Amino acid sequence: MKLFTASCMALFLGLTVAAQSPSKILKQAEKAMGGSKTLKSVRSVRRSGRITRISDGAEGAYLFQSSQPNLLNISYDLGGFETETGFNGRSGWTRNSRDGLQTLTGNASVGLQAAAAYRNDLWFRYKDDKAKLTSGGRAVVDTKNVNVLILSTQKGVVIKLYFDAVSGILIRDEVPMGELMAVTDYGEYRLISGVPQPFFERFSMGNEVYEIHHDDIRINSPIGVSEFNFPIISNEPLPSIESLLQEVQANEDKVEGIIDNYSYVQKSIKRELGKDGVLRETESETVQLSFYKGRRISRLIEKNGRPLNTREQADADKDAARRVEEIEKEIAKEDAKMLKQDKAGTPSSDSRRVSIAEVLR
């Protein structure tokens, strides 16, 4: 009877541990990592140190940078071979000494975007991002019992988080990077600005394993946005914004001029099916289409396969001239309306097409 009671008690305790909710796990983790308020105050992180590839002992400098809301840059060199990956808030990119600079697409881009958001916000914004956080049960990492949480983003990226069951601190995460899984183990935590930071990482992806020893970690130190943008490969200086806009405006003015001098012919044919099952042409019209200040003008030049006579053509030309007058009135009315709204400080509800040249002007 005692054996039965002890077995039941062990089973009950095991179910209790396994049923631990994600919120309880996160509450313990946040307390172990300085508290939710302290973690949320972290706007940027910069970690620098040395990286070693275990397979051949190659080593070099390592730099990790993240900045709110979702900027990320990781760069390192191994025996002179440079690798760098970044997310600039809109798209991901990578470069290395062999393949040069590349823009990431597909699963690799989606994975890096999710990684950038996670590295900056951890799990605090998962509800705002319409992600899901569920329990992954219990596991063992390096002989330590851990609680596993699964963070599933709206775009289908699944990130696994492993928290020490005793201390509550994060000791591993798994983040998919394209077709590969990036697994990072964390250790040697020290307090930096009240936030525990790992001074040791073991990172594996594919068949390679790396060890990273940080010698400098900074919290909320200024990091320029340029650190996350696409690297400038050319040594040529960037053009001035004013000169660039002037060149673009000149080109758009030229394009508008070309359009106003452009015309083409369009023929419309009407056919009817006879009682004998034969499809016959009943009438047709040919018009010349041209543009005036970006608006199209239609001018009839042929009807039922024959050119218009003098009187008909004169009437068609008058119709085209009236269309030009209508366009001038429309533009004047629209300009007056926009001017009135500008003076009143009210936003414009003008729905007409605005050309790039107009915007630049």
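Is arginine 306 buried, exposed or partly exposed? Arginine 306 is partly exposed, because its relative accessible area is 41%, between the 20% limit for buried and the 50% limit for exposed. This residue is found in strand 17, which spans residues 306-307. Its C-alpha atom is separated by 9.2 Å from that of glutamate 285. Along the chain, arginine 306 and glutamate 285 are 21 residues apart.

The model is predicted. How far does the confidence go? The protein chain has a mean pLDDT of 86. Of its residues, 88% reach 70 or more.

| Confidence in the chain | Element | Residues | Mean pLDDT |
|---|---|---|---|
| Lowest | helix 1 | 2-18 | 45 |
| Highest | strand 1 | 44-53 | 97 |

The pLDDT is below 50 over residues 1-17. Beyond near neighbours in sequence, that stretch has 1 contact in the model. Where pLDDT is low, predicted coordinates should not be read in detail.

Now to helix 2. Helix 2 covers residues 22-32, and Ile25, Leu26, Ala29 and Glu30 are buried there. These four lie on the same side of helix 2, because they cover an arc of only 130° around the axis. The other side carries the exposed residues Ser23, Lys24, Lys27 and Lys31.

What do the buried residues of helix 2 pack against? Their partners are helix 3 (36-40), strand 7 (132-141), strand 8 (144-152) and strand 9 (158-164). Just after helix 2 comes glycine 34, with a positive phi of about 105°.

Terms used: Residues are numbered from 1 along each chain as its sequence is written. This is a predicted model: local features need pLDDT of at least 70, side-chain atom pairs count only at pLDDT 80 or more; totals for chains, interfaces and linings use all residues. Side-chain values use heavy atoms; hydrogens and water are left out. Helices (H or I, at least four residues) and strands (E, at least two) are DSSP runs, numbered from the N terminus. Buried means under 20% relative accessible area, exposed over 50%, partly exposed in between (1.4 Å probe, protein chains only). The arc is that of the directions from the helix axis to the C-beta atoms. Contact means heavy atoms within 4.5 Å. pLDDT is the predictor's confidence in each residue, from 0 to 100.
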